[in-house]
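These are my notebook entries on a structure that I had not examined before. I set out to look up how its chains meet.

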Amino acid sequence: MINFQYLRTTTAKSALALLSKDKNSKFLAGGTNLIDLMKRGVTAPEKLVDINHVPLKQIEQIGDKIVIGALASNTAVAENAIIKEKLPLLAMALNAGASAQLRNVATVGGNMMQRTRCGYFYDTEMPCNKRQPGSGCGALGGFNRMHAIFGTSDKCIAVHPSDMCVALIALDTIVVLASVKGERKISFKDFHRLAGDTPQLDNNLKADEMIIRLEISVNNLAKNSYYLKVRDRASYAFALVSVAAGMEISNNKITAIRLAMGGVAHKPWRLTASEDFLKGKEPSIENFKQAAKLAMTGAKGFGENDFKLQMAPNSIIEALTVAKSKA
Amino acid sequence: MEKRVLKDANDRVDGIYKVTGKAKYFAEYELPGLTYGVLVTSTITKGKITSLDTKAAEKAPGVVSVISHLNKPSAPAYEQEGGSPFKIFYTDKIFFNGQPIAIVVANTFERATYAASLVKVTYAKEDFNTDFEKAVTDVKAKKLQGQPEYKRGVENAYKTAEVKIEAKYHLPIETHNPMELHGIIADWRPNNQVTVYAKTQGVKATQGTIANVFKIPIENIQVNSEFVGGGFGMALRTWPLEIATVMASKHIAKPVKLVITRMQMFTMVGNRPAAVQTIGLGANKDGTLTGITHRAFGETSAYENFTEGVVNMAKFMYQCDNVNTQYTVVPVDLGVPIWMRGPGEATGAFALESAIDEMAHALDMDPLEFRIKNDPEKDQQRNKPFSDKNIKEAYRVGAQKIGWNERKNKPGSLIDGQWKYGFGVSIGVFNANRGRASVKGILKADGTLVLQSATSDIGPGTGTGMTLIASKLLGIPGDKIKFELGDSSLPPAPSQGGSATLSTVGSAVNDVCVSLKSTIAELAANSNMDATSNFVDVLKKNNLPQIEVTKQSQAGKEREDYSMYSFSIHFVKVKVHSLTGVVKVDKIVSVGDSGSIVSPKTARSQMVGGAVGGVGMALHEESIIDHRYGRYINNNFADYHVPVNADIPEIEVHFINKPDPYINPMGAKGMGEIALIGFSAAVANAVFNATGKRIRTLPITPDKVLAG
Amino acid sequence: MQSSDQESNHGDSRRDFLKKSSLITAIALTPSVAVKAAENQADERFAELFEKIPLNLTVNNKNYKSAVEPRVTLLDYLREELHLTGTKKGCDHGQCGACTVHVDGERVNSCLSLAVMNEGKKITTIEGLANGEELHPMQAAFIKHDGFQCGYCTPGQIMSAVACVNEGHTNSRAEISEYMSGNICRCGAYPNIVDAIVEVSKGGIKA
């Protein structure tokens, strides 16, 4: 690791000003992903701007919106009484990720910004279009058991590793971004990108922007929410596939439904077709199976990850079944 | 002796240091002028270094030196290139990806790490193969004999049996991954005096290796290794990286500390070799085994050979007149393997104990009943009686504890919602070794006893076991006894491996204590004291501050008369999710039949630990290589899964705890290996019982269960 | 180099920054060896002396003032600078938990935290857990239940276990196991570790 320059600031405004001065600088929040990547030589910023003292840690309900500051820790969000009561899906997803120690320092914004865990991305001696555009994709034709089945490109089949983001996309989250010019809001589904021809770009955050906060409208999904994470060991492992499911059921009809998957795409993957199908229908196993089938439209395996074509729909059925039965 | 209180006589004697952070592992010694080494490793898999440019690295802040094949100091044993073992820095050849090719030394760890990234290397690449399964099927691959073929009765008798099964089993590479990173501190001082702080399972072995490589007198070398953060076999040899560090210290005349990275733990300090095994079993319809054939291919490296006991168990574990085995090692372009807990026997037991289960199923017999029916009365391989074997009792106790009567012989019978339940059993067996060791005992008038031996404790609780032996024999409380180890200047003992330490060193402790006791009795008699007088009074009366004795102990003729083994029976209950393929181990019962239990608390922990390792082997562990590049792709703790706390259910351990009358004075046999051997088969058998799916390739991950 | 609330004067790359801003002042204050290094235009060797940042930490109730390179992790700072080697390096990438310490009372992986990020914070390591000769109940419980073998993961396990109890994640064995899964034990002492935590969480052990 080079001996980078380290700066500390207490306001978002000064943080953005410092960032804009130097192309090869990065924000440092919890650091659990960035420092790891720097140790592996995947990234080598010459300047780190420590933003941990910027006051963006609020978790509060304002009207019908729940607002979460970008620097709230994963633990703070997962353990927050409002979140546990009103957005249990988010709490469940957060607790399914990483370890207690990592969640204590990892921030909401950092979680959104974390890079893929693809082994080719991490090994600077192997080809990776995300790390080094044009060098090729090692996972294509290589070890791709953990990789994407949706929205892949011939440049990259990596997955976004977050659990939290799967819940956030399901919850129709709004992301508030800021630059020196001011704030803008984008829908969470538009935050992360598919790899396409530019796998080096994980998301649509501009170089001079930072994540300020998240806004989530209060919903009625809390009672029938479930986050299922299927992994190789019982904890502290990345998802083979994961499913965030939230339903509102009234008179044995699904009146509202949110469904998203993790571990299957370059971004958290919202299952809109399945949602549309289930809306207004009975929460029956037959309908869940049909919804799971619809979710798989366009799915494609790359050899070692072919099992996900079976595991993904199975997991959707399981997640919906558990979510339904939670009442 | 420092103040140290044992609340319970069975508590670990060094527990207090481990829970307070005072236990010092190799990397934690402070030496004046200490420098930090970081390795530069090859990025190709096979070929030659054509240039190695260290200019930028040498100019970087804090850098003291960069040592490579271009400027290495003299190591006389390496002067002639080639041969085995691999001679680090005395060749420009690359044998595997990640091979250490230079060591950068700087005044801080961060500076050394950065400077190592500045070394520029060019290579002439050659074709390579890292794919073991491919090498096995490639007729052109150079095949080496692993072990002489074994035959008893008719070869391949299973083929003509009333009931037969034949199946192929695959094990991937596993990596030991002890929690402590490997490395060494080397301090080469003037006049060729060398002190090292090592992570080793054998201080005498490390001392001998360094003496041999540098051709300096063995007395010049002091090896310290008091606390070792786990080994599981990987610290049974002195690795090239350790020699490289000694060379660096010699070169710069300063102490050098090297701690390798977790990534480097996968490439340069050994692994459990991959294996492909075929088992053929034949039986009469009544369940009598009539033929066992076990053929195995094991992975080795292209530059050093490695063999282990993969097919041992098939030769004696079951009553069967017709047995033949074959074991062949196949080289690939990877770092050389080394024994990993349970070593080859664990590899073999997965195949044999899975096959036994398959045969029981084919016979529609309870697999426990099938095993009991074919339990041997004597060792047919060596034609000798077993010194001590209580397998039938172990089966009975374990079956009762796991709730074996709930098990249904028809797979897939126990269902609760999406979860399917199943039970599995397997046996583990390992040679009850006993080597030769010396122990010095110093009995002091202050009421304390110091025992010394150059053995190791990589975790099982060597000091605790030895203290309990001495405490029992001399009636001295454990906190008045200090067992010193991990120091090459102490009386010699073998490396800690093969489950032999308690048997080997414990016997010498026994002899020392017996001798001290008789000396005290003589002194008492000579000074007209009662024969039962306290040794403190006897020493004081005789004006002796202390008495000393050193004893060497080793096995006698009894090993020619008896076949000596430790046994374990593993019972496992699993649940398998029918939609996701997730396997959860629900309950574990491990029964040890390994003679007397000297140290009940640490013995139980060892069995528990073996079961946890077994869960890893069965469900999680696989070191994956991209064979296009010859590089490990999951070389870290996030992607190479070992069990975490949430994977492990409550584990019940039971010991038969009957003395082996022949093995040693304590009647105790080792259990480090049997705690793991066979365990993975018990899991695979339970998964079969739950689902009807027979998975013959480890690890049993959800994708394999779904594919079934 | 300053380290707080700076908005100006630091936008340049590291080398430019060194050359332009602090070089002159620095030389005036430096020992001759550094001046000589600078004269030789040994940019990197010179840089080594100045690329440190002041750091003020409280570790186990003791205050430490020093200067460190920003790239030094809290783990390496504790082990190599302060010689508090109870905190272990098991993976150096946040994947094993051996380096777990408490920062302002919360458990964190010290390997993924830069020392300088912890300016002004209170760190507790395994060495600071006992009250003099009196063990913390969790330390005593680990001995009683044999919650370790080789002992290398043990400091991290104990720091994590203490936090697990403080956080209230001890309502069942399953919950303890889940919240202790960030600490890998290769010797496999997990059930014993859970036994120790169960006992402490019930207030059942006195050191």
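I began with the term polar contact, which I take as a pair of N or O atoms within 3.5 Å; within protein, one must be able to donate a hydrogen and the other to accept it, and residues adjacent in sequence count only if both atoms are side-chain atoms. I noted that this is a predicted model, in which local features need pLDDT of at least 70 and side-chain atom pairs count only at pLDDT 80 or more, while totals for chains, interfaces and linings use all residues. Residues are numbered from 1 along each chain as its sequence is written, chains are lettered from A and ligands numbered from 1 in the order in which they are written, and side-chain values use heavy atoms, with hydrogens and water left out.

**Entry 1: chains B and C**

I counted 26 residue pairs in polar contact between chain B and chain C, both residues being at pLDDT 80 or more. On the side of chain B that touches chain C, α14(B) gives the largest share, eight residues. (Helices, H or I, of at least four residues and strands, E, of at least two are DSSP runs numbered from the N terminus.) That side divides into 32 nonpolar, 17 polar and 18 charged residues; Ala, Val, Leu, Ile, Met, Phe, Trp, Tyr, Cys and Pro count as nonpolar, Asp, Glu, Lys and Arg as charged, and the others, Gly among them, as polar.

I found 67 residues of chain B in contact (heavy atoms within 4.5 Å) with 55 residues of chain C. I also found seven salt bridges between these chains, a salt bridge being a side-chain nitrogen of Lys or Arg within 4 Å of a carboxyl oxygen of Asp or Glu. B:Glu28 and C:Lys88 form a salt bridge at 2.8 Å, N to O.

**Entry 2: chains A and B**

I then turned to chain A, of which 34 residues are in contact with 33 residues of chain B. I recorded two salt bridges here. A:Asp123 pairs with B:Arg631 in a salt bridge whose closest N and O atoms are 2.7 Å apart.

**Entry 3: a residue of chain A**

Is A:Thr32 buried or exposed? I find that A:Thr32 counts as buried because its relative accessibility is 16%, buried meaning under 20% relative accessible area, exposed over 50% and partly exposed in between (1.4 Å probe, protein chains only). A:Thr32 lies in the loop between β2 (25–28) and α2 (34–39) of chain A. Among the residues that A:Thr32 touches are A:Leu102 and C:Leu112, not counting residues up to four places away in sequence.
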